[in-house]
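This report walks through the model below, from its domains down to single residues. Keep the sequence and coordinates open alongside the text.

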Amino acid sequence: MSTFARGLTVEAADGEAFRRAFVRLIGSIDDLHWRIRLTVAVATWMPCLLAGIDIWNVDLVLAGVMLRVVLQHMYAGRPLVLPLVVLDAYAAAGEKLETPLAECAECGYALPRSFAACPLCGGFVGVGAYASRRARRAACN
Ligand SMILES: [Zn+2]
């Protein structure tokens with residue numbers, strides 16, 4: 001098992017699935033500049049993430065976002081997308097990105113806290129919103 005930023009992990013047997021999802025995500029980004037920037041950020045900063053080197057900059061944030069989206073897709077069924085509006089928000093937040101991230105109450109997609117509505121489905125966005133909604137649903141059953 002490898003540990004990525006802030007407790008995200010991938011089982012060794014899932015390496016090929018991780019690579020395929022990562023390539024699909026990069027290929028889905030409809031902007032060459034962003035595809036290059038994200039690829040370079042991940043190639044540059046993944047070794048630092050794996051080594052636990054505690055450096056915090058905008059490209060490390062972007063590399064972490066890529067890894068988070070892929071792993072949350074693989075292990076939690078979250079959407080495998082990174083819309084340009086979301087990338088722009090992460091880049092704008094950069095080193096000042098607030099954690100924990102907010103999440104969509106409907107689809108669970110993680111987002112910077114600057115979003116009030118999910119750009120994927122229009123759902124309410126807030127810190128813990130998805131988990132709270134799931135807990136309320138479970139309580140009703
Ligand atoms: Zn959503």
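## Domains and their contact

The protein chain splits into domain 1 (1-95) and domain 2 (98-141). These bounds come from an automatic or database domain assignment. The model is predicted: local features need pLDDT of at least 70, side-chain atom pairs count only at pLDDT 80 or more, and totals for chains, interfaces and linings use all residues. Residues are numbered from 1 along each chain as its sequence is written.

The C-alpha centres of domain 1 and domain 2 are 20 Å apart. Across the boundary, 12 residues of domain 1 are in contact with 10 residues of domain 2. Two residues count as in contact if their C-beta atoms, placed from the backbone, lie within 7 Å. On the side of domain 1 that touches domain 2, helix 3 (58-76) and helix 4 (84-93) each supply at least two residues. Helix 4 gives the most, with five residues. Helices here are DSSP runs of H or I with at least four residues, strands are runs of E with at least two, and both are numbered from the N terminus. By class, this side of domain 1 has nine nonpolar, one polar and two charged residues. Nonpolar covers Ala, Val, Leu, Ile, Met, Phe, Trp, Tyr, Cys and Pro; charged covers Asp, Glu, Lys and Arg; the others, Gly among them, are polar.

## Helix 3

Helix 3 has 19 residues. From first C-alpha to last, helix 3 reaches 26 Å, close to the 27 Å expected at 1.5 Å a residue. The expected span is 1.5 Å times one less than the number of residues. Gly-77 follows helix 3, and its phi is positive, near 70 degrees.

The buried residues of helix 3 include Leu-60, Val-61, Leu-62, Met-66, Val-70 and His-73. A residue is buried if 20 or more other C-beta atoms lie within 10 Å of its own, exposed if 12 or fewer, and partly exposed in between, with C-beta atoms placed from the backbone. Arg-68 also lies in helix 3. Arg-68 has 17 C-beta neighbours inside 10 Å, so it counts as partly exposed. Arg-68 and Leu-80 are 12 residues apart along the chain, and their C-alpha atoms are separated by 10.0 Å.

Cys-48 lies in helix 2 (residues 32-51). Cys-48 is partly exposed, with 15 other C-beta atoms within 10 Å. Leaving aside neighbours within four places in sequence, Cys-48 is in contact with Ile-53, Ile-55 and Leu-60. Leu-60 is 12 residues from Cys-48 along the chain, with 8.7 Å between the C-alpha atoms.

Ala-93 lies in helix 4. Ala-93 is partly exposed, with 15 C-beta neighbours inside 10 Å. Ala-93 and Ala-76 are 17 residues apart in sequence and 25 Å apart in space, C-alpha to C-alpha.

An open sheet of three strands has the order 4-3-5, with antiparallel pairing. Strand 4 (110-111) and strand 5 (125-126) stand at the edges, each with a single partner strand, so one side of each lacks a neighbour in the sheet. Strands pair if DSSP finds at least two bridges between them. Two bridges join strand 3 (residues 102-104) to strand 5, and these strands run antiparallel. Glu-103 has Gly-126 in strand 5 as its bridge partner.

Pro-100 sits in the loop between helix 4 and strand 3. The peptide bond from Thr-99 to Pro-100 is cis, with omega near 0 degrees. Gly-122 lies in the loop between strand 4 and strand 5. Gly-122 is exposed, with 11 other C-beta atoms within 10 Å. Gly-122 and Val-70 are 52 residues apart in sequence and 21 Å apart in space, C-alpha to C-alpha.

## Helix 5

Helix 5 (residues 129-140) lies across strand 3 and strand 5, at about 50 degrees to strand 3. Axes are lines fitted to C-alpha atoms, for helices over the stretch in contact, and angles run from 0 to 180 degrees between N-to-C directions.

How many of the 12 residues of helix 5 are buried? The number is one, so helix 5 lies largely in the open. At 1.5 Å a residue, the 12 residues of helix 5 should span 16 Å, and the end C-alpha atoms are 17 Å apart, which agrees.
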